[in-house]
Structures are given as C-alpha cells and as structure tokens.
Amino acid sequence: MKIIISFLLYMIFTFSPSFAQSVIKGVVLDRETKQPIHGATVYINNSSSATSTSKDGSFQLHQKIIQNQELVISNIGYEAAFETITTTNYEKVKVYLTRKITTLKEVSVIPFEKDGWAKWGKYFTESFIGTSKFAQKTKILNPDILRFRYNKSSKILTVIANEPIQIDNKELGYMISYDLITFRSNFSENTIQFEGFSYFKDYKRITKSILKQRRVAYQLSMMRFIRSLYEHKWQEDGYVVRELTKKENLERKDAQEKLKTITSLVNTKYEGKWNSFYILQSEIIKDSVTKYQNIMRQPEFYDVLGKQLTESDLEKGSLGNQLKEIHHQNYIHILNRNQKIDLDYFNSNNAYDESSRLKMDDDSSIVINYQGNYTPAIQWSMEGFFAWYSKVGNMLPLDYTIQENNK
C-alpha cells in the first residue's frame, strides 16, 4: 500500500535553538458578516500550544516565533483556516473564517452513504488511526460527524468531517483534536491520502508508562528521521539510507498480457464459461492459466538497491538558518538498524522486512526544518514501514522532546 499523508506541518518544539518568547496577537472574523467570532480555537498546528478567542474575536498566544509556523483557527460550523506566522506579522494577524455549506448539487451527484460509519468505519479507522499497538487503543470519540462518499466508477472513497475529530490516544496520553481537510482512498491505485490540522492536549496525569510509550513512538517516527536528516545524524541514529530504483517485473507483465488475451477469448467466444473453454479447445490448458495467475501474485516492480546515501546527497541548499531544501530523483530506501520494529507491522502487512521507501515527485522539492517537519508533504509518497506507521494513532506533537522522559 502506498500512502500519501499530508499533515500541513510547520510546527515547533522546545529543543530548538534559543528563540525569544513572544505573543502572537490577532483577531478572528466571520468572512461574510465581518463580525468577531467568540470561542474559536487558535493553535500552532500539530502542537500542544493553543488558546481561544474572546468576545471581540481577539486572541493572544504566548509562543516562540519560528519561521513559517502555521497558526490554525478552528470553530464548529466554519472551515478551518491557517495563517503562516513570520517574524514580521505575528502581532497583527487577521483571519476570516468561512461558514461550511453543503450545496444540493454536491449531494445529488454522489450522495453520502446512509450508514457510512457502519460500512466504512473500520476501514477508515485502520487507514487514519492505524493498526499499531498504540493505534489499537486509540478511539474516535465522535464518529457521527464523519460523512462517507464512495464513487463506484472511480473506486474512490472520500471522507469529510463536519467538525474537528476528537481522538483519545490512551497509550500516548493525548486528547487530539483533528481538523480533517481531506481523506481520499483510491482502491484502483492502492493509495491513501489524508491531510489536516491537529492539536494535542496532555492527559491530566502523565504516568511513567505513557512517557515510555511516547519514546517508543518517537524512535519509530518519520519525525525522528527528518530531524536526523536535518542534523546530519543518520549514522549516529542508526539509519542506513540507499538509493532505490524500481525495475519492472517483465515476467509478470507477460503473464498479465496472456491472461488478458485468454480472458477476452473466453468472454467473446465461450460466453465467459471457462469450463466450456477448457473442454472445447486443447491449445490452452488449465494448468497454463493457473501458472499465469500465480505469476500475477508477484510484485509489479522489483526494488533494486543502489549506493548508500548521505544527508548531503538529498540537500539542495539552505533557506535561511532554519530551513533546508531537499530533493532526490529516485526512491530512497531506509532501514534503521538501531530500532526494533513493531511486530504488528509484520502481522498486518505480510511484510518481508522493516524498510521504508520514500519517493518525491520528480520535479518537486521538499522543505524540512530541525523540528522534524517536511512540506509540502503531499509531494512525498511512502511505502513500507513509514506508510504503515505514519498514522494519527502513532503521532506525537512536534513540541515533543526526548527530555520529556526525564520528568
């Protein structure tokens, strides 16, 4: 399963270089009426830093100002919005929220499923929350807000939420509010893509067990890999990164063409009756067809590993003192020799190893920073372990630090 996950991240956390604590100030207004919105949630995306607007729509959020942070504004009945915070605009933020409106035309073309959660809830939960040991104990508290729409012709499932999804992650000790922007599963292409904004709130009581579980989640995370890339610590952290190319399985391609030809013959000349086909002709026997079908179970492409890469092989340049631009034409293959992979990964995926494969769009670059953030995430597709693990049930806020375990 390939997965494209976009968290729209430009976050902060506390192990960064020393930046002065400032106050982000602004106002939130209704786009149509221009009236202030009271009680809207204002937070730094994928963090535990948040506040709410007062009666006049104003807010103040004490926060370190770091280049390209995303300030998210969320309120029930409105589309979530965000503002990129810089060192020049953080004291004069003005955000307009747009009311959510479902048009009759939108509903009539492809209606929402009547019993969407009953039909798609398990699939959505496994695709969005995950199936790891942490995810299995993570619960969506308000599933009734989710709407499911399935297009049979394109085999695409889309999910929308009328308000933020409230998520309880017991293993990691977080209550998560997730503003879902997009969830799209393409069954024809075998891909999943979702994006959104998230706010984390600690449990009132953080146990030693929770701190231990958070450390495990961090060690296996994509966030840690990006931090290691930024800091040039792949070798120290146990990552072995190699160039990877995809080689087409020609045997499978040949079997596919032969099966296509045979199936067309059966459908047109024998009315789709395979028994009649085998009885009335002798040129193609059943064992041959079975052989082609077995070959079709092979992967469409083989992974061919190339040279070992260093962090510098991916870097195109620096964008100031906080951001780096990366790009690589081929896939990159990632193994972490220092980490024991969650056994649930092998049990639920029939995986043969714990590697991850990442691929950028050919003409695109990705910007990373020392917080473990990468954007635009939609330009980076994942296969293997990271595709399985990069789900909400395993997420940590990007203001998480390892030092948290020393509390």
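A salt bridge is a side-chain nitrogen of Lys or Arg within 4 Å of a carboxyl oxygen of Asp or Glu. The model on the screen is a predicted one, and it holds 13 salt bridges. This tour visits several of them and then turns to a pocket.

**First stop: Arg-99 and Asp-30**

Select Arg-99 and Asp-30. These two residues form a salt bridge, and their closest N and O atoms are 3.3 Å apart. Arg-99, at 46% relative accessibility, counts as partly exposed.

**Second stop: Asp-202 and Arg-214**

Next, select Asp-202 and Arg-214, whose side chains meet in a salt bridge at 2.6 Å, N to O. Asp-202 lies in strand E14 (residues 191-202) and Arg-214 in helix H3 (residues 208-219), 12 residues apart. Which of these elements holds the buried Arg-214? Helix H3 holds Arg-214, and the relative accessible area of this residue is 1%. Asp-202 is partly exposed, with a value of 36%.

Now select Glu-248 and Lys-253. Their side chains form a salt bridge of 3.9 Å, N to O. Glu-248 is partly exposed at 33% relative accessibility, and Lys-253 is also partly exposed, with a relative accessible area of 41%.

Select Lys-246, Asp-303, Arg-357 and Glu-383 together. Salt bridges link these four residues in a network.

Select Glu-79, Lys-100, Ile-160, Ala-161 and Asn-162. Of the 20 residues that line the second largest pocket, these lie nearest its centre. The volume of this pocket is about 450 Å³.

Which strands each supply at least two residues of the lining? They are strand E10 (146-151), strand E11 (156-161) and strand E13 (174-186). Strand E11 provides the largest share, 4 residues. To finish, colour the lining by residue type: 10 of its residues are nonpolar, 3 are polar and 7 are charged.

Notes
Residues numbered from 1 in each chain as written. Predicted model: local features only at pLDDT ≥ 70, side-chain atom pairs only at ≥ 80, totals over all residues. Heavy atoms only, no water. 1 Å grid on protein atoms, 1.4 Å probe; cavity = no way out; pocket = protein on both sides within 12 Å on 5 of 7 lines; lining within 4 Å. Points joined across faces, edges and corners; volume = space filled by probe spheres on them. Nonpolar A, V, L, I, M, F, W, Y, C, P; charged D, E, K, R; others polar. Buried < 20%, exposed > 50% of the residue type's maximum accessible area, 1.4 Å probe, protein only.
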